[in-house]
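Look at the chain shown below and follow the text with the structure open. The description starts at one residue and then widens to the whole chain.

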Amino acid sequence: MTFLGSRSSKTFKPKKNIPEGSHQYELLKHAEATLGSGNLRMAVMLPEGEDLNEWVAVNTVDFFNQINMLYGTITDFCTEESCPVMSAGPKYEYHWADGTNIKKPIKCSAPKYIDYLMTWVQDQLDDETLFPSKIGVPFPKNFMSVAKTILKRLFRVYEEAHLNTSFKHFIFFVQEFNLIDRRELAPLQELIEKLTSKDR
C-alpha cells in the first residue's frame, strides 16, 4: 500500500466516524444492510418511524466518507497540471467560495477546489450544533438547507471522479427526498437518466 504515502495528506480527509452504539450507528447499519440487498431505490427510503433529519445526516456522513475514499484514489492522476480547472464538461466551471474565509469565488485547480470543498464539508460535519451526535440533541432549524448545500457540493466531486455505484446510490438518495434541484443536476442529467432508468 505504498501509494498511500505518496498522496498529499491534505486531500485525503480523516474518516468521519459515527459512534458505535448510537442510534445513528444503528441507522447506518440499516442503510448498509438494505444496500446489500442490491435494490438502491429501496435502500434510500426513510425507514419506518425514523426522523428524516437523522436519516439525511447519517447518509450525508456516509457519502462524505465514500467520496473521500473515491477522491483519494484519483489524486495521483488529477493534479494541478492535468486538472487546472474544476469543471463538469465544457459548459460548467466551478469557482470556490465558502462564505466565511473566501467570500468572493476564486478560480482554482480541481485538486485545490476539492481540497477546499472536503475541508469545508468536514468542518460542517464536525460542528455539533449542525450535526449533533448525542441522543436527544435536536437538529437545528436550518439543517435541511445545510445538508442540501453539502450534497450539492459533494455532487461536484463525483463529476470529477469515477462514477460508479456510489454515485447511483447518491443520486437515488437526493432524488428520494428532493435534496438537490434539478437545475444543479443538469451537468450530468444524461448520465443520471442512463444510470437510473434501469431501476425505475
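Cys-78 lies in the loop between α4, which covers residues 52–74, and β1, which covers residues 87–88. Helices here are DSSP runs of H or I with at least four residues, strands are DSSP runs of E with at least two, and both are numbered from the N terminus. This is a predicted model, in which local features need pLDDT of at least 70 and side-chain atom pairs count only at pLDDT 80 or more, while totals for chains, interfaces and linings use all residues. Residues are numbered from 1 along each chain as its sequence is written, and side-chain values use heavy atoms, with hydrogens and water left out.

Is Cys-78 buried or exposed? Cys-78 has a relative accessible area of 4%, so it counts as buried. Buried means under 20% relative accessible area, exposed means over 50%, and partly exposed is in between, with a 1.4 Å probe and protein chains only. Apart from neighbours within four places in sequence, Cys-78 is in contact (heavy atoms within 4.5 Å) with Tyr-71, Cys-83, Ala-110, Pro-111 and Glu-160.

Cys-83 also sits in the loop between α4 and β1. With a relative accessible area of 13%, Cys-83 is buried. Residues up to four places away in sequence aside, Cys-83 touches Cys-78, Ser-109, Ala-110, Pro-111 and Glu-160. An unreviewed UniProt entry places the feature "binding site" at Cys-78 and Cys-83. UniProt positions are given in the numbering used here, feature names are shortened, and annotations may be inferred rather than shown by experiment.

Now move to another part of the chain. Glu-184 belongs to helix α8, residues 182–185. Its relative accessible area is 24%, so Glu-184 is partly exposed. Which residues does Glu-184 contact, leaving aside its neighbours within four places in sequence? They are Lys-152, Phe-155 and Arg-156. Glu-184 and Phe-155 are 29 residues apart along the chain, and their C-alpha atoms are separated by 9.0 Å.

Finally, consider the chain as a whole. Its secondary structure comes to 9 helices and 2 strands. Read from the N terminus, the order of elements is α-α-α-α-β-β-α-α-α-α-α. The chain has 200 residues, and 46% of them count as buried. Among contacts between residues at least 6 apart in sequence, 71% join residues at least 24 apart. The accessible surface of the chain comes to about 10700 Å², and 54% of it belongs to carbon and sulfur atoms. Accessible areas come from the Shrake-Rupley method with a 1.4 Å probe, and for residues only the protein chains shown count as cover.
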